[in-house]
Amino acid sequence: MPTATPISRINDFVIRFANVNGSGSASANEMFARAVMRMGVPVAPRNIFPSNIQGLPTWYEVRVSEAGHLGARGGTDLMVAMNPQTFDRDIAGIEPGGYLFYDSTKPLPPSKFRDDITVIGVPLTAICNREYTDPRQRQLFKNIIYVGVLTALLDIDVKVVEQLIGEQYKGKDKLIEPNIKALHIGRDYAILNLQCPLGIKIRRANAVGDRIFVEGNSAAALGAVYGGATVCAWYPITPSSSLADAFTKHCAKFRVDPDSKKAKYAIIQAEDELASIGIVIGAGWNGARAFTATSGPGISLMQEFIGLAYFAEIPAVLFDVQRAGPSTGMPTRTQQCDITSCVYASHGDTKHVLLFPEDPAEAFDFGAQAFDLADRLQTPIFVMLDLDIGMNQHLSRPLAWDDSRKYDRGKVMTGAELEAGKDFGRYLDVDGDGIPYRTYPGTHPTKGSFFTRGTSRDRYARYTEEGAPYVDNMQRLIRKLETAKDMVPRPLIATAGKPTKYGVLYYGSTSPAMDEAIHMIEARGHALDRMRIRAFPFHSSVNSFVADHDFVFVVEQNRDAQMRSLIVNECGIDPVRLVPILHYDGTPITARFIAKAIGDHLDKLKVKPMKVTS
Amino acid sequence: MTYLAKPKFHHPELPKNALGYTHRDYEGTVSTLCAGCGHDSITSAIIQACFELSIEPHRVAKISGIGCSSKTPTYFLGNSHGFNSVHGRMPSVLTGANLANRDLIYLGVSGDGDSASIGLGQFAHCLRRGVNMVYIVENNGVYGLTKGQFSATADRGSKSKRGFINTDNSIDLVAMALQLGASFVARSFSGDKQQLVPIIKAAIAHKGAAFIDVISPCVAFNNHAGSTKSFDFVREHNEAVNRLDFISSRMPIEIKYEPGTVEVVEQHDGSKLALRKLAADYELHDRTAALGFLQHHAAKGQIVTGLLYVEPEAEDLHAHLRTVDTPLNALDEKDLCPGQTVLKKFNDSLR
């Protein structure tokens, strides 16, 4: 018996699989997570993987939470330790009273274990060696066998997993039977030899609703399809490559003309990020909706072109799936570290529109909306994803589209309007919103042509290096950004149950951890108003939210408090009123981390100063 | 005189083309380049080629990088949209523009610094992809706007105006274009309009990646003794392999040739290229032989000019990507958005 009481919880625990990269564990682990979801219990899996194809350690963490907490929690209740390389540290990460499930084929000395956890040994390798002769099969079926063991240990309905196997191998029916057999080998072993179920288990619930299980990159790419993107140019870089891959897949399905079998899209895997953004800008200039998908290093390479698109006012959409920097940094780990490099991207005075989706559903919404914004504002739009949103499957509200929605192609002067004698000045602010009219190349034989350049020009696009027209133009660009404030997604506010002097600002993938942390903070007796920022330029409510509180925490996943700096800089706020809460070790931020950091800070404020008498 | 606006009046009896335009309708603003610049001759050759082909000016998109050569699109086709983009990056911008609307004519104008130094990568990749375009490099071997530094096409051993000897090997963009799969490759000389105009016309009619390297002496920084890109040097060392007559698909062949002296090549659009052979041993459809010929003559200090390679039935990027016939920029919600019913099915597949 372990020295700590074994954890006993239903539908509320964290299970972590430790595997070797390239061993085929990913699909078995995902099947496990999906089985929990099919049992009606909300689940949040996260893949923690190396920049490697084969051999290095990889983990798959599954948070099970009937209460619906989908952020990373921290700590492990059940460790499925399948990687000898990381065995010791995997065991060290188990919560007191937790469980260890390991391959007991090779006996290990007692010193390898802990006395405050429950140890479950299954001779997986021995079983596989007995059942299979092909080494590859031994490896692959081992994964399914441990899923079988888990169905017994956690009381998961085996029929649910059987059905998932059937779905996964639909069309490759020969594989269904042997996988189901492997599943039962594991399950039967557990039922015969182990104490089942454990203190932690799954019980059927009805807490998933109509939610779907989807990766942010796939949802964002589908947003681009729905938003009318026809040109995609990209260069492979983790963690954004799967966005371009997903766009390719979605287009092959939804964008091929049924009669001619021809493509209503063009995808170029470019030679580098400079060419990617160049292609996007060329296409945007010529009236197609175009985007690139990249990560921080790619944004760095695109800087010069981004300035051109800003200054020459060309629509472009950039999906930045952020990863830990600087330099190559931790290419397979998550961060929110490109805020500054995107918002002020390029040389000279520039400012760009940034959107911050919190999950796949918003990645879809913003992914589509970005193209309307780019056309309307004639400027680059950055959709700021990160590795956590992009590459992990999230339980997300279903994607939705209003069929009556029309694309907003912005201010494009037509051949008919030019023919009718409408005055065309490419950089003329006719409506006072800072947004000029443009024409597509080829519109009219004698009217409406202009020369696009990165050099300064007057309102009629004529080259000039005079100071006054330059300033006039730069002022108009600022006016345009003011217009953007009311077009971009507004911040969302959730007020505390009672009046409070304190608030918290957060954005993007911090959202699920923050939603959970707020309960933990409230449990410590503190009230906190929340605002989730969804876009830059900031809506005026960001200023008023800060003004309405004594001070505001800004929770983000980078070292330098980039969003906080942006708020200080753009809203003219005294920095002391914004308290940074920063998490940047490359793992997704957890509710425990936020609750502790904010809770400790607020606890200190509650301490009444002692009266000192002398 | 470059500060003066260009007067619009013209001789009432200027010849008109099939569309009723005079060559004045194909002009742009007054050039701001140095008097006598080779680039201005290329500008005038482009104007003449477009006039003679009766191209609607607004159906051309002119795209350039940065540098003296890249300024020239302002000086021709004033009714066309133009895009003076980023140094060395014309090819990617042109590729994107071409993907957005396959129906326009894409004219990329670049220089030797723009294409052979900073933009060598993009030069290579747009040719590899077979973008349907005319890619003209106005090659003077020197950085003009920054006052006379060597570019990557300057020959080893050639002398700069300040007296420095270039010790780096030169890049031959024509050889590279051949190797990279351009389906139309030519070299010409800004001082030889008779040769250049038909080449430009043939390149415009060509469906695929057409590359033209035009040696274009820089009168300010690279026209001295010791330069291999000066007017005198190029005239003395020009080794033309053929002279080209371009016959548009709309025109009947009027010129009669002596049998055996002319090779007629029909391009995809029905236009014909009649080539009077000057070098008897030159084979127009053989990349490998063309490369060998080039290198052999370069070793002798000769500059090979003419239409050097053509693949009349080339496929372009749109064919590779199997894109629809309608330009992508003309598709709307109906064509592009799969709608809620499809999305519902997508959701259902993810539960």
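1. Before we start, a word on angles: axes are lines fitted to C-alpha atoms, for helices over the stretch in contact, and angles run from 0 to 180 degrees between N-to-C directions. With that in hand, look at helix α17 of chain A (residues 511–523), which lies across β19, β20 (529–533) and β22 of chain A. Its direction is about 175 degrees to that of β20(A). Keep in mind throughout that this is a predicted model.

2. Now the sheet under discussion. Five strands of chain A make up an open sheet, ordered β18-β20-β19-β22-β23, with mixed pairing. At the edges sit β18 (492–494) and β23 (578–582) of chain A, each pairing on one side only. From one strand to the next, the twist averages 20 degrees.

3. Within that sheet, have a look at β19 (residues 502–507) and β22 (residues 551–556) of chain A: they run parallel and are joined by four bridges. If you want a residue pair to find on screen, A:Leu505 has A:Val554 in β22(A) as its bridge partner.

4. Next, helix α11 of chain A (residues 303–312). Eight of its ten residues are buried, so the helix is largely enclosed by the rest of the structure. The buried set is A:Phe305, A:Ile306, A:Gly307, A:Leu308, A:Ala309, A:Tyr310, A:Phe311 and A:Ala312. What do they pack against? Their neighbours are α9 (273–285), β13 (316–322), β15 (380–386) and β17 (451–453) of chain A.

5. A:Thr118, A:Ile120 and A:Val122 form the covered face, while A:Val119 and A:Gly121 form the uncovered one. β7(A) pairs with β6 (residues 94–103) of chain A in the parallel sense, over five bridges. A:Gly121 in β7(A) stands opposite A:Tyr102.

6. On to the two chains together. In chain B, 48 residues are in contact with 53 residues of chain A. On the chain B side, the elements giving two or more residues are β2 (81–84), α3 (90–100), α5 (120–129), α11 (333–336) and α12 (339–348) of chain B. α3(B) gives the most, with eight residues. By type, that side of chain B splits into 20 nonpolar, 20 polar and eight charged residues.

7. Last, strand pairing crosses from chain to chain. β17(A), one of the elements that the buried residues of α11(A) pack against, runs parallel to β2(B), and three bridges join the two.

Definitions and conventions
Residues are numbered from 1 along each chain as its sequence is written. Chains are lettered from A and ligands numbered from 1 in the order in which they are written. This is a predicted model: local features need pLDDT of at least 70, side-chain atom pairs count only at pLDDT 80 or more; totals for chains, interfaces and linings use all residues. Two strands pair if DSSP finds at least two bridges between them. Two residues are in contact if their C-beta atoms, placed from the backbone, lie within 7 Å. A residue is buried if 20 or more other C-beta atoms lie within 10 Å of its own, exposed if 12 or fewer, and partly exposed in between; C-beta atoms are placed from the backbone. Ala, Val, Leu, Ile, Met, Phe, Trp, Tyr, Cys and Pro count as nonpolar, Asp, Glu, Lys and Arg as charged, and the others, Gly among them, as polar.
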